[in-house]
Amino acid sequence: MSETTYPNDGLRQLLEGYRHFFQGNPPRKGFCALHAEQIAHTQNPHSMVISCFDSRVCPEAIFATNDGHICVHRNMLNQVDTRDASMMASLRFAVESLQVQNIVVLGHSNCNAVAKLKDLAHLPPEISAWLGACGAQYRGNSYEEAIKNNVLAQLARLGSLDFVAQALRERRLNLEGMLFHIHSGRLERYDKTQNRWTFVEVETED
């Protein structure tokens, strides 16, 4: 699938927003008191982003949207943990009530949480319990491959949820895996049709 053939308008907005972010000219100034009245009475986000807890990764900035167009759930390792009531409630609300067009699992380079999967036994119990949730593992021949494999594992977990699977069958939901490179600002997207990762083009489309 080429980037110019988007599965829905929400994903087009995400990737166009990213291009503006990369070029340093985001079109939106973000939410402030002057904009509050415009979104006070309803919300209509086109996408949900599941992001890592890392402070260097800000989905609203990366996708150049800050005014109610995306809803974000953040946790260490950007995990989809079915035992986490907050995660499951947020997912169901996003899919069934907000009817988002996309759920994006957003991993990132230099993810310390993925590195820590190698040695859970020597971590504080709260951290090891969370990182080991749902059998999360360090899988890959390189650090970057392990980070990407974690994103793919969360996508698979999403697809196994009954209400997500139903929305996918009805073609009203799209799942995306992405990886943000902190050192360069580049964004990779997983191409499901070709089973490979490709960098998102950074030139703004006309």
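Good morning. I begin with helix 7, residues 143–159: at 1.5 Å a residue, its 17 residues should span 24 Å, and the end C-alpha atoms lie 25 Å apart, which agrees. The expected span here is 1.5 Å times one less than the number of residues. Helices (H or I, at least four residues) and strands (E, at least two) are DSSP runs, numbered from the N terminus.

This is a predicted model, in which local features need pLDDT of at least 70 and side-chain atom pairs count only at pLDDT 80 or more, while totals for chains, interfaces and linings use all residues. Residues are numbered from 1 along each chain as its sequence is written, and side-chain values use heavy atoms, with hydrogens and water left out.

Which residues of helix 7 are buried? Among them are Ala 146, Ile 147, Asn 150, Val 151, Gln 154, Leu 155 and Leu 158. Buried means under 20% relative accessible area, exposed over 50%, and partly exposed in between, with a 1.4 Å probe and protein chains only.

Leu 158 brings us to the largest nonpolar core, which has 36 residues; Leu 91, Ile 103 and Leu 158 have the most contacts inside it. Such a core is a set of buried Ala, Val, Leu, Ile, Met, Phe, Trp, Tyr and Cys residues joined through side-chain atoms within 4.5 Å. Elements that each supply at least two residues of this core include strand 1, helix 4, strand 3 and helix 7. Apart from it lies another core, of 17 residues, among them Val 57, Ile 62, Phe 180 and Val 202.

Next, consider Asn 78, in the loop between strand 2 (70–75) and helix 4. At 1% relative accessibility, Asn 78 counts as buried. Leaving aside residues up to four places away in sequence, Asn 78 touches several residues, including Ser 51, Leu 106, Asn 150, Val 151 and Gln 154; contact means heavy atoms within 4.5 Å.

Finally, I turn to two loops. Most residues other than glycine have a negative phi. Gln 99, however, is not a glycine and has a positive phi of about 50°. Gln 99 lies between helix 4 (85–97) and strand 3 (102–108), and is exposed, with a relative accessible area of 54%.

Where is Asn 195 found? Asn 195 is in the loop between strand 5 and strand 6, which form a hairpin with four residues between them. Its phi is near 55°, a positive value, and at 58% relative accessibility Asn 195 counts as exposed. Strand 5 (residues 187–191) and strand 6 (residues 196–199) pair in the antiparallel sense over four bridges; pairing requires at least two bridges found by DSSP. Thank you.
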